[in-house]
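Please open the model in a viewer and keep the selection tool at hand. The stops below say what to select next and what is to be found there.

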Amino acid sequence: RAGQPGAAVGVVAGALTGVAFTAAVMAWSKAGRKAKGASTMAAAAALATAAAMTTAFDGRMTMSEGRLMVLFTLAILLACWRTRPEPPSAERLAIKFPMAPTVIGAVLAAAGAIGLWAVSRWAVDQVSPLAGRRADGDLEIGLAALGLAAAAPSLIVAWRAACKGDSAPAQVEVTGAAALGVAGGLGAAALVSPLAIPEAFMGWPAAGLCLGAVVLVALASATPRPVRHLGAVAGLAYLGLLAAFARSAG
């Protein structure tokens with residue numbers, strides 16, 4: 001809506017890359033078991049990435065393609081719902097207070113949506129002046145600042161789960177969030193208006209998006225185990241991609 005299609009594409013690619021190389025790696029390395037549903041969510045992220053790349057090759061995403069991405073988003077949401085972990089106390093709480101989990105969840109979801117909308121609007125307003133100072137500046141800002149901001153909730157989820165000792169459910173959550181970000185983000189943007197794909201995107205940004213999807217699939221396929229310094233290596237790889245993003249975007 002702000003007239004920055006590069007930022008719209010960049011935030012999607014940057015967020016998936018950030019989640020894959022930071023939150024997903026953290027959750028995987030601290031998981032005590034193989035996460036149920038992780039493979040499904042990783043496959044959804046890979047398919048969403050493939051769909052994004054297919055539409056990006058002609059330089060634009062039409063409203064029709066956006067509708068298909070939104071439908072894919074609904075399918076991912078259904079898969080997320082079917083693979084969601086049930087907290088041990090949910091059944092006891094539902095017996096004592098039948099509506100409590102639903103009401104609390106609805107209130108939290110509404111509060112989160114309002115907060116996300118407000119922060120997103122503020123962030124876009126703040127970066128808009130910076131985006132016009134460089135060629136493809138909106139793409140660069142989307143990949144870096146906005147992409148990292150979009151990945152922040154997944155980082156927090158993975159960190160908290162890792163502190164508790166078993167982050168297998170968090171691996172599913174952050175991978176699902178990455179898949180939803182690509183499909184839902186691009187689909188919603190294209191529904192506002194046909195989305196122009198900057199030419200600079202078809203370099204390191206596209207490679208970073210694809211590498212992120214590969215990382216998610218690889219983590220979901222492997223048995224979790226603690227690997228020393230894996231998080232630091234993944235963080236360095238992500239910083240290297242950010243530097244490559246900046247170079248590609250002018």
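Select Asp166 to begin. Asp166 counts as partly exposed because its relative accessible area is 30%; buried means under 20%, exposed over 50%, and partly exposed in between, using a 1.4 Å probe and protein chains only. A salt bridge is here a side-chain nitrogen of Lys or Arg within 4 Å of a carboxyl oxygen of Asp or Glu. The pair joins distant parts of the chain, 133 residues apart: Asp166 is in the loop between helix 6 and helix 7, whereas Arg33 is in the loop between helix 1 and helix 2 (38–56). Arg33 is likewise partly exposed, because its relative accessible area is 42%. The structure holds 1 salt bridge.

This is a predicted model, in which local features need pLDDT of at least 70 and side-chain atom pairs count only at pLDDT 80 or more, while totals for chains, interfaces and linings use all residues. Residues are numbered from 1 along each chain as its sequence is written, and side-chain values use heavy atoms, with hydrogens and water left out.

Next, select Ser167. Ser167 lies in the loop between helix 6 (137–164) and helix 7 (168–192); helices (H or I, at least four residues) and strands (E, at least two) are DSSP runs numbered from the N terminus. Is Ser167 buried or exposed? Ser167 counts as buried, because its relative accessibility is 0%. Display the backbone of Ala27 as well: the side chain of Ser167 reaches the backbone oxygen of Ala27 at 2.5 Å. With neighbours within four places in sequence set aside, Ser167 is in contact (heavy atoms within 4.5 Å) with Met26, Ala27, Lys30, Ala31, Ala161 and Ala162.

Move to Phe21, which is found in helix 1 (residues 5–29). Phe21 is buried, because its relative accessibility is 11%. Which residues touch Phe21, leaving aside its neighbours within four places in sequence? They are Leu211, Gly212, Val215, Ala234, Gly235, Ala237, Tyr238 and Leu241. The C-alpha atoms of Phe21 and Leu241 are separated by 10.0 Å, although the two residues are 220 residues apart along the chain.

Accessible areas come from the Shrake-Rupley method with a 1.4 Å probe, and for residues only the protein chains shown count as cover. Leu74 is found in helix 3 (residues 63–82) and is partly exposed, because its relative accessibility is 49%.

Cys163 counts as exposed because its relative accessibility is 55%, whereas Cys210 is partly exposed because its relative accessible area is 32%. The structure holds 0 disulfides, a disulfide being a pair of cysteine sulfur atoms within 2.5 Å.

Finally, display the whole protein. Its secondary structure comes to 9 helices and 2 strands, and from the N terminus on the elements run α-α-β-α-α-α-α-α-β-α-α. Buried residues make up 40% of the 250 residues. Among contacts between residues at least 6 apart in sequence, 90% join residues at least 24 apart. The accessible surface comes to about 13200 Å², and 68% of this surface belongs to carbon and sulfur atoms.

Definitions and conventions
A polar contact is a pair of N or O atoms within 3.5 Å; within protein, one must be able to donate a hydrogen and the other to accept it, and residues adjacent in sequence count only if both atoms are side-chain atoms.
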